[in-house]
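Here's a quick walk through the fold, with the thresholds spelled out along the way. Have the viewer open and follow along.

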Amino acid sequence: MSGTPRISVITANFNALAGLKATVASVAEQTYADIEHIVVDGGSTDGTVEFLKSLGKDVTWISEPDEGIGDALRKGVELASGDYVVVLQAEDHFIDREALASAAVHLEGEELVSFPVILRGEHRDQLLPAGTLGMRSFFFMPVPHQGLFAKLCLFKRIGNFDPAYRIAVDYDWLVRARRAGAVCKPVDMPLSIMPETGISTRSDWPTLAKRLLEVKGLHLRHSNLPMRLFYRGWWALYATYKRIRAA
């Protein structure tokens, strides 16, 4: 990599035209020059395809049925040609037009770089700090993908997103990255804003239960026998706690 890194912004979308328009506008207004925006649409019927056609060559896109977010992100990575990949879903947007330019100076060849993300709720905003692949990542997703830059060659080293996951696909990938020895550098500079409407942030029990089940599965999948025994005990307590809070 020489000079400034090329950044691939990947957006998965399905019947979220208004949110997609906001995301496309946010990427388009960035002052950083070397960007490609890839939109993977799951076969929307709300006018998304017509909108994407109107963008000409400004956005690389496909629209076809998929198996969910994990499958869409996998396709996006396969289309990417940048040095780094960052995921910005439909409705998400960068914090301002200088966001990528400000972030790019911190990449410096690192495999993973994380930035804080603002979670925008109906009544208040919450700052989700930049995370690492330290102890917290053994239990929780360390940073939302809206704040994570991943070197494209790391996908080639550890594999792409696993389409079997519909909610915890990014966490599964980061656990694999940690197990492969990758290091994530945190930078204390908010990068993007995501609304509290996505499936990974909703707090209703049916959605939360699905998310917890996926996370429990990946914990058990990526651990040795002693850790699996520990996780089983931990999950018995944690799942009960989360259900009480949701109620």
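A quick definition to start: two strands pair if DSSP finds at least two bridges between them. Helices (H or I, at least four residues) and strands (E, at least two) are DSSP runs, numbered from the N terminus.

This is a predicted model, where local features need pLDDT of at least 70, side-chain atom pairs count only at pLDDT 80 or more, and totals for chains, interfaces and linings use all residues. Residues are numbered from 1 along each chain as its sequence is written, and side-chain values use heavy atoms, with hydrogens and water left out.

**The open sheet**

Four strands make up an open sheet with mixed pairing, and their order is β5-β11-β7-β8. At the edges sit β5 (93–94) and β8 (125–128), each pairing on one side only. On one side, β7 (residues 117–120) runs parallel to β11 (residues 192–195), and four bridges join them. With β8, β7 also has four bridges, but here the strands run antiparallel. A hairpin of four residues links β7 to β8.

**β1 and β2**

Elsewhere, strand β1 (residues 7–13) pairs with β2 in the parallel sense over seven bridges. One place to look is S8, which stands opposite E36 in β2.

Which way do the β2 residues point? I35, H37, V39 and D41 go one way, E36, I38 and V40 go the other, and all are buried. Buried, for the record, means under 20% relative accessible area, with exposed over 50% and partly exposed in between (1.4 Å probe, protein chains only). Seven of the seven residues of β2 are buried, so the strand is largely enclosed by the rest of the structure.

**Helix α6**

Helix α6 (residues 169–179) is mostly covered too, with 10 of its 11 residues buried. Those buried residues are V169, D170, Y171, D172, W173, L174, V175, R176, A177 and R178. Their cover includes α3 (69–79), β6 (112–114), β9 (148–151), α5 (152–158) and α7 (205–221), judged by contact, meaning heavy atoms within 4.5 Å. After α6 comes G181, whose phi is positive, near 90 degrees.

**V87**

V87 belongs to strand β4 (residues 84–87) and counts as buried at 5% relative accessibility. Leaving aside neighbours within four places in sequence, V87 is in contact with I10, L73, H145 and Q146. V87 and G147 are 60 residues apart in sequence, yet their C-alpha atoms are 8.1 Å apart in space.

Everything here runs on a 1 Å grid over the protein atoms alone: a cavity is a set of points where a 1.4 Å probe fits but cannot get out, a pocket is an open set with protein on both sides within 12 Å along at least five of seven lines, and lining residues have an atom within 4 Å of a point. Grid points are joined across faces, edges and corners, and a volume is the space filled by probe spheres set on the points. For residue classes, Ala, Val, Leu, Ile, Met, Phe, Trp, Tyr, Cys and Pro count as nonpolar, Asp, Glu, Lys and Arg as charged, and the others, Gly among them, as polar.

| Space | Volume | Lining by class |
|---|---|---|
| Largest cavity | about 80 Å³ | 10 nonpolar, one polar, one charged |
| Second largest pocket | about 160 Å³ | six nonpolar, two polar, two charged |

The structure holds one cavity of 30 Å³ or more. The elements giving two or more residues to the lining of the largest cavity are β4, β9 and α6. V87 is one of the lining residues, and others include F155, F161, W173 and L174.

The second largest pocket is lined by V24, V27, A28, Q30, I35, E36, H37, L55, D58 and V59. Both α1 (17–28) and β2 (35–41) supply at least two residues of that lining.
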